[in-house]
Amino acid sequence: MSDFDNATKCIRNMEKEIHLLQSEIKNTRNGEALEEDSVELKALMQENTRLKHRLEILQSAIAKEGGSNECTSVPNESILGELQRIFSEAIRKAFSGIPVAAVVTISTSPKFGDYQCNSAMQIAQLLKQQSVKTSPREVAQKLIDVVQTPIACVEKFEIAGAGYVNIFLSRSYGEQRIMSILKEGINAPKMDKKRVVVDFSSPNVAKEMHVGHLRSTIIGDSICRFLEFVGHDVLRINHIGDWGTQFGMLIAHLQDRFPNFQTVSPPISDLQAFYKESKIRFDSDETFKKRAYECVVKLQSGEASYLKAWNLICDVSRKEFQTIYNRLDVKLIERGESFYQSRMKKVVEELKQSGFLEEDEGRLIMWGEDHAGIPLTIVKSDGGFTYDTSDMAAIKQRLHEEKADWLIYVTDAGQATHFQIIFSCAKRAKILDESKHRVDHVGFGVVLGEDGKKFKTRSGDTVKLAELLDEGLKRAMDKLVQKERNLALTHDELVAAQQSVAYGCIKYADLSHNRNNEYVFSFDKMLEDKGNTAVYLLYAYTRIRSIARNCGGDFANNIQKVIESTKINLEHEKEWKLAKVLLRFTDVVLVITKNLSLHYLCEFVYEVCTTFSEFYDNCYCIEKNKQGEIIKVHASRILLCEATSRVLGKCFDILGLKPVHKI
């Protein structure tokens, strides 16, 4: 910890003691106690003054070393974060005895500026408790007076109402920032690089992926894309179910159906049907069931022919899964439960030796840190392992072997309790160290049908993911034909647009909802070309990208040359409004870093598109005569369009949407 941090911490602790003593002095009626406390208070206040003097020296040195409080034109800078820092510093200088952090928010109306600092009322209230009479407006004025250094990103401050500080951004600063986006790209805010393991999708071998895997796959992929954008080293893990009792019955059934499977690859075209056949036999035939259990033992003991059968079954499933992942453009590294088999044995032995396991009716269980709730079942009464065992082995492997700093598990919200227990047990066993590691369970609600019930087929079966994607393609093509895009696009362009719309609308419908909530799956709503839908956004993006092309010349063929030779001027209010929205991208990124909720990015993208529409309707970018000939190109506005398209393009990439050249 630096001298500056130490001094600040000491002052805050001392101020708490001073406030406590002041309260005690005020309330006591004992003269001797009052005198004794007054002496202690006086000593504390003298020490506090000394430390504050030291802090001011440090602050002065930092200011000389690092420059003023100016917001410099950095393309990935958080304006909101910088304003909070500046006003927090102003509060510390103006009201050193008040432990309040600055509250800065985006203004709800242009007449209240672009941002507001709303801390004055709270400070005035706390001062009142210390018998210091002042009004919130006086507090607000003092804060503004303390922020004396010119701030490049601020045009002016105004005090409004009961004591709100309205903050108006500088247009020249905004112009510099937009040019930075064009010249230096869409960069993430600086943060410490971490090794992140994201566990998502996780289907089971021999079972088709269904709608239940949709949210985990889409949300998990988008979180990975986001973390990769901000600079983390991301390991995408598909923790598939490829080990356990069901493989005994599958191998036994394979031996009966295809006895020469070791030399001739079995023609299993429908693995789901194969699974159902084996399950019927397992449930109705005791002899078959007994043999299935024997197959599990032989598989887990590593007998060659059983491993061969197991690999054949896994390969069929793997190809089916990969088809889905290819369609959704999702990349994963497979790490099935089988990967952790040897590690499960080791972690069980370690937990035994450390005394963390307790016997319970033949099982070996483990409690979390507070011995409350539900324990993990580490070893079953028959000596077998469980999901709890593999999850404990997995968390250890990821933290200790992969050297992960951050673990993320993307599953339905119903598994929240399970992961709380896993994390608690891992902390108790010293596998997980919260001072070094971050762990998150990213939960999500279920997908509902338009009837408000769990999404199923008309016959009541679970909706298969492949069939859902096929339906999306069909609906997307119908929509494009309805708009006669088949007449304007080539066959390849039409297919590209179909896939962009189909897969984009499914992904965006999921991500645009708060992941903690359920959402209704409706192709009709997803494919609407108005409102916050992928179709509207993709159309808007394609239109924006076409504006520069329509100008011809360097605008169409060498936009970078235009960028180098043109200065952006944000003179019109709609130009300035659009620029300010674009500059909030970094703030949105920082919010998502904390909560891993992508709907904030979707809301931002929609706001960018609607604000662009306002700008485009009010500001000519290209002027033409009656013959349709271009007579004037507003280069600055074309570059604002370009900056908009680049911000949107980065957002689409994070969300997994694939815009097309023509739609």
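Predicted model: local features only at pLDDT ≥ 70, side-chain atom pairs only at ≥ 80, totals over all residues.

Student: How many aromatic pairs does the structure hold?

Tutor: It holds 15 aromatic pairs. One of them joins Y409 and F419.

Student: What makes Y409 and F419 a pair, and why is the pair called tilted?

Tutor: Their centres are 4.7 Å apart, and the limit for a pair is 6.5 Å. Stacked needs under 30 degrees and edge-to-face needs over 60.

Student: Where do Y409 and F419 sit in the chain?

Tutor: Y409 is in strand β11 (residues 406-410). F419 is in helix α14 (residues 416-428). They are 10 residues apart, and the pair links distant parts of the chain.

Student: How do you know whether Y409 is buried or exposed?

Tutor: Buried means under 20% relative accessible area. Y409 has 2%, so Y409 counts as buried.

Student: And F419, buried or exposed?

Tutor: F419 has a relative accessible area of 5%, so F419 is buried too.

Student: Why is the pair of F419 and F423 called tilted?

Tutor: The ring centres are 6.1 Å apart, within 6.5 Å, so the rings pair. The planes stand at 40°, so this pair is tilted. F423 is buried, as is F419.

Student: Why are F419 and F423 separated by about one helical turn?

Tutor: Both are in helix α14, four residues apart. An α-helix has 3.6 residues a turn, so residues three or four places apart point the same way.

Student: What makes R343 count as lying over the face of F339?

Tutor: One test is distance: the charge must be within 6 Å of the ring centre. R343 is at 4.3 Å from the ring centre of F339. K289 lies over the face of F282, at 5.2 Å.

Student: How do you know that the span of helix α7 agrees with its number of residues?

Tutor: Helix α7 (residues 214-229) has 16 residues, so at 1.5 Å a residue it should span 22 Å. Its end C-alpha atoms are 23 Å apart, which agrees.

Student: Why is α7 called mostly covered?

Tutor: Count the buried residues: 15 of its 16.

Student: What makes L639 buried?

Tutor: L639, in helix α25 (residues 635-655), has 0% relative accessibility, so L639 counts as buried.

Student: Which residues does L639 touch, leaving out those up to four places away in sequence?

Tutor: Among them are L182, I559 and V562.

Terms used:
Residues numbered from 1 in each chain as written. Heavy atoms only, no water. Phe/Tyr/Trp six-rings, centres within 6.5 Å; stacked < 30°, edge-to-face > 60°. Helix = DSSP H or I, 4+ residues; strand = E, 2+ residues; numbered from the N terminus. Buried < 20%, exposed > 50% of the residue type's maximum accessible area, 1.4 Å probe, protein only. Lys NZ or Arg CZ within 6 Å of the ring centre and 35° of its normal. Expected span 1.5 Å × (residues − 1). Contact = heavy atoms within 4.5 Å.
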